Amino acid sequence: MSDGVSDGFRITRVADVVARFVDHDWAFPRAHAAAIAAHWQARLRRSPGMFNGTVLLCCDHAVSDGVARLDLFATRYATFTYYREVPHAEAGIANAFAAIVPWTADGAVLLGEMGAHTANAGQLYFPCGTPDPDDVRGAQVDLTGSAARELAEETGLALPDEAETDWVLLEGEGQLAFLRPVRFPEPAARLVARIADHLGAEAEPELARMHVVRGRDDIDAARMPGFVRAYLADAFPPAR
């Protein structure tokens, strides 16, 4: 994978990600308080189990000398969902998150299908989540730990001892997706079986099942978000 553009997303390889936790006076929640509340109630009617917790969004970022630096601030999940889904004129606030991309020993990529009870039911994602206060360490935000935690919680997988540390930043559609490709020593079938055991032991797993991607023919435009499609299209070369 090289720097460039894929499916409308700008791709940049970085050696490290440094995130700060900052105070940011965001006027958007105040200006749209009534609309945010109405939008959240509509979402609750569709998915009653959703929780209006605190999440972290990005208000500034830059890449220099192979290091991505970003500032993250706290807001409510209801505000985030309204900002993300409803067209508006404001720019500069991005949904920044980190995820492990599980590569298997036989050259496949694993994606999780979101469970029916989740806000993105049926969509195919790398195990990930929006950063939250659990990822804050003093004045820093631990995106590396956030990605590993989401992987463990959703799949039961721990990172290999010699896991790769480089990142791939995909920027587009109001998102900053920091993806860390990691190759696991087992083939896809074995990893899928291990994850299925983990999901079966949970009362309400976030993922319904895993999907195996071995090439561009497995890219699902209907169920994969843009950053996932962009990464896969760049990672798997076209058939000759």
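**Stop one: a buried arginine**

Select Arg-43 to begin: its relative accessibility is 6%, so it counts as buried, the cut-off being under 20%. Keep in mind as you go that this is a predicted model. Arg-43 sits in helix α2, which covers residues 33–46. Now show what surrounds Arg-43: leaving out residues up to four places away in sequence, it touches Met-50, Tyr-77, Thr-81, Arg-84, Glu-85 and Ala-119.

**Stop two: the largest pocket**

The space inside the largest pocket comes to about 1400 Å³.

Colour the lining by residue type and you get 18 nonpolar, 14 polar and 13 charged residues.

**Stop three: charged pairs**

Side chains of opposite charge can pair when their charged atoms come close. In this model the count is 13 salt bridges, and a few are worth a visit.

Pick Asp-71 and Arg-20, whose closest N and O atoms are 2.8 Å apart in a salt bridge. Asp-71 belongs to strand β5 (residues 67–76) and Arg-20 to strand β3 (residues 16–21), so this pair ties together parts 51 residues apart in sequence. Buried or exposed? Asp-71 is buried, at a relative accessible area of 12%, while Arg-20 is partly exposed, at 44%.

Next, go to Arg-149 and Asp-135, another salt bridge, with 2.5 Å between the closest N and O atoms. Arg-149 is in helix α4 and Asp-135 in the loop between β9 and β10 (136–137), so to speak two distant parts of the chain, 14 residues apart, linked by the pair. Asp-135 is buried, with a relative accessible area of 1%, whereas Arg-149 is partly exposed at 22%.

Select Arg-223 and Asp-220, whose side chains meet in a salt bridge at 3.5 Å, N to O. Arg-223 is partly exposed, with 27% relative accessibility, and Asp-220 is partly exposed too, with 25%.

Conventions:
Residues numbered from 1 in each chain as written. Predicted model: local features only at pLDDT ≥ 70, side-chain atom pairs only at ≥ 80, totals over all residues. Heavy atoms only, no water. Helix = DSSP H or I, 4+ residues; strand = E, 2+ residues; numbered from the N terminus. Buried < 20%, exposed > 50% of the residue type's maximum accessible area, 1.4 Å probe, protein only. Contact = heavy atoms within 4.5 Å. 1 Å grid on protein atoms, 1.4 Å probe; cavity = no way out; pocket = protein on both sides within 12 Å on 5 of 7 lines; lining within 4 Å. Points joined across faces, edges and corners; volume = space filled by probe spheres on them. Nonpolar A, V, L, I, M, F, W, Y, C, P; charged D, E, K, R; others polar. Salt bridge = Lys/Arg side-chain N within 4 Å of Asp/Glu carboxyl O.
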